[in-house]
Amino acid sequence: MSLLAEATTVVDTHCPYCALQCGMSLDGAKVSPRQFPVNRGGLCQKGWTAGELLSSPSRLTTPLIRTGGELRPASWPDALDLIARRLAELRLTKGADSVAVFGGGGLTNEKAYLLGKFARVALGTSQIDYNGRFCMSSAAAAGIKAFGVDRGMPFPVTDLGDADAVLLIGANPAETMPPFTQHLRGADLIVVDPRRTPTAELASLHLAPAPGTDLALALGILHAVVADGHLRQSYVDERTTGFGEVWRTAASWWPERVEQVTGVAAADQRRAAAKLAAARNAYVLTARGTEQHANGTAMVGAWINLALALGLPGRQGSGFGCLTGQGNGQGGREHGQKADQLPGYRKIDDPAAREYVAGVWGVPPESLPGPGRSAVELLDALGREDGPSALMVFGSNVVVSAPRSAAVQERLSALDFLVVADLVLSETAALADVVLPVTQWAEEEGTMTNLEGRILLRTKALDPPQGVRTDLTVLSELAARLGQPAGRFPADAETVFTELRAASKGGVADYSGVTYGRLRAGEALHWPVPGETHPGTPRLFLDRFGHADGRARFVPVDHVGPAEAPDDDFPLLATTGRVLQHYQSGAQTRLIGELNDMVPEVYVEVHPDTAARAGVTDGELAVVRSRRGETVARARYVSTLRPDVVFLPFHFPGEQRANLFTNPALDPVSRMPEFKVCAVALSPVEGAA
């Protein structure tokens with residue numbers, strides 16, 4: 001019998017993958033694009049094939065419990081009873097923080113909200129974080145410093161269609177979110193990327209800095225803006241503070257000096273400054289390439305400083321924004337699954353926030369735990385004397401996605417108890433003591449918040465396979481087994497969202513005026529939406545920024561370089577990223593034949609001259625080795641690549657994991673690991689083909 005329930009109607013919904021959240025329709029498992037502002041009837045290859053996973057034979061349809069070293073089918077009551085009993089025992093003997101929770105940026109707003117509440121109320125633990133720490137944390141931290149608010153794109157995507165110039169840093173949307181590129185067609189596009197990506201091919205100017213030197217490049221372009229007379233002085237005076245201190249640093253980073261550090265010609269830095277300054281409407285947009293660094297917050301801050309000097313943020317038709325990656329990467333970082341956060345983008349160490357949210361939840365404020373460990377620190381603490389003994393994972397595959405992933409796998413193996421809720425047996429789920437089969441995007445209702453801060457309703461299109469439950473149901477039933485009162489953890493998505501609205505009310509990310517009814521009626525609601533008659537806020541900052549004085553902040557930053565420099569033993573710089581056919585850890589897209597057939601294995605892009613010096617032949621296997629580990633990948637000669645750089649996609653498991661060698665060095669503010677640059681050596685695999 002097919003796993004796919006028979007559908008009788010065509011349902012309008014949204015793509016399950018990236019934060020663009022393209023509009024699509026489902027007739028059973030058949031996908032068709034639909035007109036929606038962000039994609040305008042377009043879909044990428046992943047979107048077109050998204051329906052195939054709904055009937056995949058790899059779907060989990062029954063709980064699994066590890067018995068005698070093997071995962072064996074079990075009933076739902078047995079699985080939930082076992083989880084509740086083991087968690088209760090650990091909390092009693094080792095304390096509440098002996099149990100940890102790890103969430104994901106692909107979870108709906110309802111799931112992210114209830115997961116954070118479950119951790120802090122039902123478990124009483126501070127040990128919760130999520131994989132969005134690996135994606136948007138540096139951009140979020142920099143945005144809060146500069147603007148007082150973090151909303152990735154504080155304007156609708158469609159505004160980009162009127163841009164005269166766009167500076168795109170560390171982003172490759174031609175592969176990672178192809179429908180997005182149609183909004184850039186009318187702009188003079190400047191791309192900053194060490195690789196000549198398909199996106200860079202669209203640009204009139206491609207700046208290719210050495211990985212880890214973006215901040216120096218931003219300082220060089222800022223220097224050119226000021227020195228060449230392009231500073232928007234009236235804007236700086238009226239809408240910002242702190243420019244003088246920033247300029248004291250940027251003044252010493254003249255373009256010729258920057259060229260020595262980055263490899264980007266001084267003339268090209270000045271061309272970029274002139275193009276942006278001459279544009280009537282211009283945007284500066286960042287993404288993971290400039291954010292996933294041990295100084296990622298400062299890097300993004302440097303690009304914000306440039307945008308402020310040009311007078312772009314808070315001006316209709318211009319602005320600064322960050323391209324959120326995961327499907328709910330925006331909403332997922334707003335409502336409580338972060339280590340330091342409560343719903344509405346409130347801080348968990350703020351007494352007023354604790355009192356308000358505790359009131360919504362019906363618990364004493366003092367019962368709520370304080371801030372916990374960030375993602376990398378949490379994973380590293382697992383199974384250690386002062387760390388958690390149990391972990392619950394929802395919507396994440398950390399064995400593939402976390403930096404220094406072999407060490408993460410060791411920490412998971414050191415746990416007393418591991419629970420994973422997933423729709424397939426991911427590499428992380430395969431290590432678990434209990435695996436819970438849960439619904440996927442088309443089988444449940446829930447809201448997502450896309451990269452422009454618009455709240456979207458993903459409508460249930462079909463029933464899940466028999467034996468599969470929603471994450472909300474799992475949390476509700478576990479909470480009841482852990483002694484929580486009836487009704488405190490509802491399983492119905494709209495009921496959870498109604499509570500989320502109340503919990504977010506008055507917060508920075510205020511959803512209190514958003515209702516399922518308004519979303520079903522097609523209203524375009526961008527947060528904040530502080531009342532049910534409020535139209536939403538598609539464009540932030542037009543009148544004032546989020547700080548108390550209404551002004552944006554120039555934040556002083558300086559170039560320090562990567563946490564790990566190349567040397568004689570590790571002479572190259574490795575960087576990682578996504579490809580068109582795969583998404584995140586690949587747990588879903590590797591199961592779709594059309595996608596996996598096109599990119600079935602990891603590869604390493606390398607300049608032919610670099611490969612020749614290393615003895616590596618095009619099309620043959622090579623070893624990419626760092627101080628932490630090594631990855632085996634098939635070599636691809638790319639003549640446009642910098643000779644000092646190699647690139648690998650990060651979607652593959654086992655010895656193909658790019659994250660076996662990546663650097664877990666953390667940004668001091670965002671706690672973002674340095675995925676995007678580390679020192680490596682390249683060598684052939686003897687006897688391989």
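Modeller: Start with pairing: two strands pair if DSSP finds at least two bridges between them. Strands (E, at least two residues) are DSSP runs, numbered from the N terminus. This is a predicted model, where local features need pLDDT of at least 70, side-chain atom pairs count only at pLDDT 80 or more, and totals for chains, interfaces and linings use all residues. Residues are numbered from 1 along each chain as its sequence is written, and side-chain values use heavy atoms, leaving out hydrogens and water.

Colleague: What is the bridge partner of Thr13 in S2?

Modeller: Met24. Strand S2 covers residues 23-27 and runs antiparallel to S1, with 4 bridges joining them.

Colleague: What is the strand order in the open sheet?

Modeller: S1-S2-S3, paired antiparallel. S1 (11-14) and S3 (30-33) are the edge strands; each has a single partner, so one side of each lacks a neighbour in the sheet.

Colleague: Which residues touch the most other members of the largest nonpolar core?

Modeller: A nonpolar core is a set of buried Ala, Val, Leu, Ile, Met, Phe, Trp, Tyr and Cys residues joined through side-chain atoms within 4.5 Å. Buried means under 20% relative accessible area (1.4 Å probe, protein chains only). Here Phe118, Trp303 and Leu436 lead, in a core of 121 residues. A second, separate core has 44 residues, including Val38 and Trp441.

Colleague: What does the chain's pLDDT average?

Modeller: pLDDT is the predictor's confidence in each residue, from 0 to 100. The chain averages 95, and 98% of the residues score at least 70. Over residues 1-7 it is below 50. Where pLDDT is low, the predicted coordinates should not be read in detail.

Notes:
Contact means heavy atoms within 4.5 Å. Buried means under 20% relative accessible area, exposed over 50%, partly exposed in between (1.4 Å probe, protein chains only).
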